[in-house]
Amino acid sequence: MSEQKNTTKTTYHIPIGPIHPALKEPVYFEFEIDGERIVDVDVKLGHVHRAIEWTGMRRNPIQILYLAERICGICSFVHPMSFARAVENACDIEVPERADYLRVIHGELERICSHMLWAGVAAHEIGFDSVLFITWEMRERVLDLTEYLTGNRVTKAIMMIGGVRRDITSEHVPKIKETMNYLKKNFEKLRKIYLEDKTFKIRSMNCGILTYEDAMGLCAVGPTTRASGVKKDVRVDQAYAAYGDLDIDYMTPDILRGKTVGDVYDRIIVRLLEVKQSIELIEQCLDKIPSGDIVSEPKIPKLLAHVKKTAGEGIGRHEAPRGEVIHYVKFDGENEHPYTWKVRASTYANILPWIPMLKGEQIADIPIVAASTDPCMSCTNRVGVIKDGNTTQLTKEQLHKLSVQKTRRLMR
Amino acid sequence: MNAPKVKEQLTPEGIVKYFKDEFKTKIKSSNVKKHVEGSKKKEYYNIWIKIDKSIFKDVIKHLCDMTYPHLAVISGNDLKKDIELIYHFSLYFGKRYNEISLNISVDVPKSKLEIETICDWIPGALVTEREKQEMLGIKIIGIPDSRRLFLPDDWPEGVYPWRKDDKGLQKYIRNLHEVKK
């Protein structure tokens, strides 16, 4: 913990975390509070640093695929995808066209799952638990589909360097279409709840604002930056995988709202629009998918020998549900394992934007504002409040109660 | 040095030429890599530029004047005598098929492990600069916040996890089969 700053009588400090309800993984915040208002925020990370990059530099690329999958449970497709693209980039491996389309289908399924999960968590944070069940019921159908296509609900093990490991055959297609139709049918219900319901509006409008300038300067990524009006989406910006063939555009809040504010409400709009976009992308993929191989080199020893011979470096970028993920790899031409492997997950870039978002907000807004960037770190139990030198503990339930109370108060 | 204003968007080759015209031999190497994927075979570009440390800050300034870049991350390689830092930027995003990835690498000699901060132009670089300080032992001159980021406060001084020399983690590694637990 950093040294406590000298404070005047009117402000006090609240440490939140490393364990906290709005965060799915540990992170430590220290808030400087004046009454109910947040004056300053400090963020400390590293509580779940597992030295994955270090470990990866002692594994071969095939082993790293499965290690990368375990960087994050929700983004279990995104990291292997970026890593495989970085290796392909460094070793000049070409991916078959069919595999490019299959990658998009799996990537977009994951985006739907992730955004649905987030929508549920956001509803829970403001005390709207019935919506949590609606969204997670819908997410469950997508998880079932993922299991049907890959054999697993979460860690899919579908990625391979130079392609994917399992094909989607004609017998899989009806089930995909059925799930997409189910999602489309229920999407309207979701849109109505999130965008028209009074509870959501009062808690999310003009709350946790990130301006366009801050989003650019602080290098924010994903829905967080798009909600502030920055048009940045790797899927549109670069013609990678099959995204170059598909009809796709930037999802910014002005499409629905007519203007961009950069508040929590805008971040909800962007994610909702992206769920719809993902459904359309999957349908486009099913229409356009060409036949052919799904992996460029099925013999793994041959693939590894090729990698071992290569001296070179490459980057792999992919638009994850939370924003751009980038992997960098370097091979020295002597060893199988990469000389360097650097992973940049999306939340890494969305840490600094928290500070302008949270400044000036109330304590009861912390959960929803922190959750609005969809941080990929973990959840829990205790918040300690240091007030006038006496430490009291705010449990998860109490902080959650504060948030729910604010909703009730505003509803009156 | 004042950067000449570039109004129109440059091609990948144009970007390399622009830096070469400005900095001449201080640009040590450059490489434009074209990639195609998917059925339509639309191309996208990765540019790799290696620059001399003395012009580092100027290059970043020129880049910011050219178009405001997005800094993805800084990665680091321990190359025995030097530490190579690679700044991964993306330029010209916001228009379909328009983005260019620019990777600027700079070698910092281990005898003087120092480089200037770029937080004054790109405040978002703070997180990744702090990470480079603790993981590679590079001193970032002028960094607004020099505390550790990921490593705990009781981590020993002078040990840097990503280093491959004697300042790395080698002496801390215990193989399970040797520990006899």
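Mentor: Before we look at the sheet, one definition: two strands count as paired if DSSP finds at least two bridges between them. Keep in mind that this is a predicted model.

Trainee: Okay. In what order do the strands of the open sheet in chain A come, and how do they pair?

Mentor: In general, strands of a sheet pair through backbone hydrogen bonds, either parallel or antiparallel. Here, 3 strands make up an open sheet in the order 6-7-8 of chain A, with antiparallel pairing.

Trainee: Which strands stand at the edges?

Mentor: Those are strand 6 (311-320) and strand 8 of chain A. Each has a single partner strand, so one side of each is left without a neighbour in the sheet. On average, neighbouring strands here are turned by 10° against each other, direction ignored.

Trainee: How many bridges join strand 7 of chain A to strand 8 of chain A?

Mentor: There are 5 bridges between them. You can find one yourself: look for H327(A), whose bridge partner in strand 8 of chain A is V343(A).

Trainee: And which helix lies across strand 6, strand 7 and strand 8 of chain A?

Mentor: That's helix 3 (residues 78-91) of chain A, running at about 145° to strand 6 of chain A.

Trainee: Now helices. How do I read the way helix 4 and helix 5 of chain A cross?

Mentor: Check the distance between the axes, then the angle. The axes of helix 4 and helix 5 (residues 129-150) of chain A come within 8 Å and cross at roughly 165°. Angles over 145 degrees count as roughly antiparallel, so that is what helix 4 of chain A is to helix 5 of chain A. The crossing is left-handed.

Trainee: Which residues of helix 4 of chain A meet helix 5 of chain A?

Mentor: Among them are L109(A), I112(A) and M116(A), while helix 5 of chain A brings residues including L132(A), W136(A) and V142(A).

Trainee: Let's zoom out. How many residues does each chain give to the contact between chain A and chain B?

Mentor: Chain A gives 38 residues and chain B gives 36. Strand 7 of chain A, from our sheet, gives the most to chain A's side, with 4 residues. That side of chain A divides into 21 nonpolar, 7 polar and 10 charged residues.

Trainee: Last one: into which domains is chain A divided?

Mentor: Domain 1 covers 11-49 + 359-411, and domain 2 covers 52-208 + 234-250 + 264-288. Their contact takes 15 residues from domain 1 of chain A and 17 from domain 2 of chain A.

Definitions and conventions
Residues are numbered from 1 along each chain as its sequence is written. Chains are lettered from A and ligands numbered from 1 in the order in which they are written. This is a predicted model: local features need pLDDT of at least 70, side-chain atom pairs count only at pLDDT 80 or more; totals for chains, interfaces and linings use all residues. Two residues are in contact if their C-beta atoms, placed from the backbone, lie within 7 Å. Helices (H or I, at least four residues) and strands (E, at least two) are DSSP runs, numbered from the N terminus. Ala, Val, Leu, Ile, Met, Phe, Trp, Tyr, Cys and Pro count as nonpolar, Asp, Glu, Lys and Arg as charged, and the others, Gly among them, as polar. Domain bounds come from an automatic or database domain assignment. Axes are lines fitted to C-alpha atoms, for helices over the stretch in contact, and angles run from 0 to 180 degrees between N-to-C directions. Angles under 35 degrees count as roughly parallel, over 145 as roughly antiparallel, 65 to 115 as roughly perpendicular and the rest as oblique. A crossing is left-handed if the near helix is turned anticlockwise from the far one by less than a right angle, and right-handed if clockwise.
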